[in-house]
Amino acid sequence: VDLEFHVLGAAGSKHNILSAFAEQLRCRIVVYPRLSQQHIIEVLSQAKVFLFPSFYEGFGMATTESMACGCAVVVTSTGFGEAIRDGVDGFVCNFQDVAMMTARCSLLLADDELRLRHVKLGRERVSNLSWPEQVQKLEILYKKWIHMF
């Protein structure tokens with residue numbers, strides 16, 4: 001299998017990140033520091049699967065951006081990952097279940113029909129998201145909370 005693993009927006013040094021992987025895999029890992037929006041779009045548009053095993057994510061920009069760029073997503077239930085419909089527009093995995101994450105990524109890479117269905121539904125899901133809409137929803141929620149007290 002001729003796959004590459006891309007790490008986008010890496011906060012640590014390339015050397016430290018690569019050292020976490022087996023030496024024979026390091027030649028297939030690409031580490032990017034902070035990227036411009038255009039470069040993120042270019043990289044994500046070339047990817048088939050977006051793996052985001054995050055313990056914490058505010059809204060989930062990385063997930064929504066990858067869905068908009070045509071990636072099938074495998075995420076944990078943080079940020080926008082909580083809104084993913086498991087098995088419909090992405091896969092949601094338990095936080096430390098590496099075997100499940102591996103299985104879901106492998107499935108998407110092996111089954112083009114399934115992956116493309118996830119891509120289509122994922123793009124549809126995020127196509128209407130906008131900052132003004134999200135801010136308005138947050139404002140409504142805050143006002144609701146204020147009136148509760």
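The model is predicted, so local features need pLDDT of at least 70, side-chain atom pairs count only at pLDDT 80 or more, and totals for chains, interfaces and linings use all residues. Residues are numbered from 1 along each chain as its sequence is written, and side-chain values use heavy atoms, with hydrogens and water left out.

**Overall layout**

- The protein chain has six helices and five strands. Helices (H or I, at least four residues) and strands (E, at least two) are DSSP runs, numbered from the N terminus.
- From the N terminus on, the elements run β-α-β-α-β-α-β-β-α-α-α.
- The C-alpha atoms fill a box of roughly 60 × 35 × 30 Å, taken along the principal axes.
- The chain has 149 residues, of which 31% count as buried. Buried means under 20% relative accessible area, exposed means over 50%, and partly exposed lies in between (1.4 Å probe, protein chains only).
- Among contacts with a separation of 6 or more, 46% come from residues 24 or more positions apart. Contact means heavy atoms within 4.5 Å.

**The three-stranded sheet**

- Three strands form an open sheet in the order β3-β4-β5, with parallel pairing. Two strands pair if DSSP finds at least two bridges between them.
- β3 (49-52) and β5 (91-93) stand at the edges with a single partner strand each, so one side of each has no neighbour in the sheet.
- From one strand to the next, the twist averages 15°. Axes are lines fitted to C-alpha atoms, for helices over the stretch in contact, and angles run from 0 to 180 degrees between N-to-C directions.
- Strands of a sheet pair through backbone hydrogen bonds, either parallel or antiparallel.
- β3 and β4 (residues 72-76) run parallel and are joined by four bridges. Phe-50 has Val-73 as its bridge partner in β4, and Leu-51 has Val-74.
- β4 and β5 also run parallel, joined by three bridges. Here Val-74 has Phe-91 as its bridge partner in β5.

**How β4 is covered**

- β4 is mostly covered, with five of its five residues buried.
- In a regular strand the side chains alternate between the two faces of the sheet.
- Both faces of β4 are covered. Ala-72, Val-74 and Thr-76 are buried on one side, and Val-73 and Val-75 on the other.

**Helix packing**

- α5 (residues 112-126) lies across β3, β4 and β5. Its angle to β4 is about 75°.
- Two packed helices are described by the angle between their axes and the distance between the axes.
- α4 (residues 98-110) packs against α5 at about 100°, with the axes 5 Å apart.
- α4 and α5 are therefore roughly perpendicular to each other. Angles of 65 to 115 degrees count as roughly perpendicular, under 35 as roughly parallel, over 145 as roughly antiparallel and the rest as oblique.
- On the α4 side, the contact is made by Leu-107, Leu-108, Leu-109 and Ala-110. They meet Asp-112, Leu-114, Arg-115 and His-118 in α5.
- The residues of this contact divide into five nonpolar, one polar and two charged. Ala, Val, Leu, Ile, Met, Phe, Trp, Tyr, Cys and Pro count as nonpolar, Asp, Glu, Lys and Arg as charged, and the others, Gly among them, as polar.

**Helix α3**

- In α3 (residues 61-68), Thr-63, Thr-64, Ser-66 and Met-67 are buried.
- Seen down the axis of α3, these buried residues fall within an arc of 165°, so they line one face of the helix. The arc is that of the directions from the helix axis to the C-beta atoms.
- The buried residues of α3 pack against α2 (37-46), β3, β4 and α5.
- Just after α3, Gly-70 takes a positive phi of about 95°.

- Val-74 lies in β4 and counts as buried at 1% relative accessibility.
- Leaving out residues up to four places away in sequence, Val-74 touches Val-49, Phe-50, Leu-51, Phe-52, Phe-91, Cys-93, Met-101, Arg-104, Cys-105 and Leu-108.
- Val-74 and Arg-117 are 43 residues apart in sequence and 14 Å apart in space, C-alpha to C-alpha.
- Ser-54 sits in the loop between β3 and α3. Ser-54 is buried, with a relative accessible area of 11%.
- Ser-54 touches Thr-76, Thr-78 and Phe-95, again not counting residues up to four places away in sequence.
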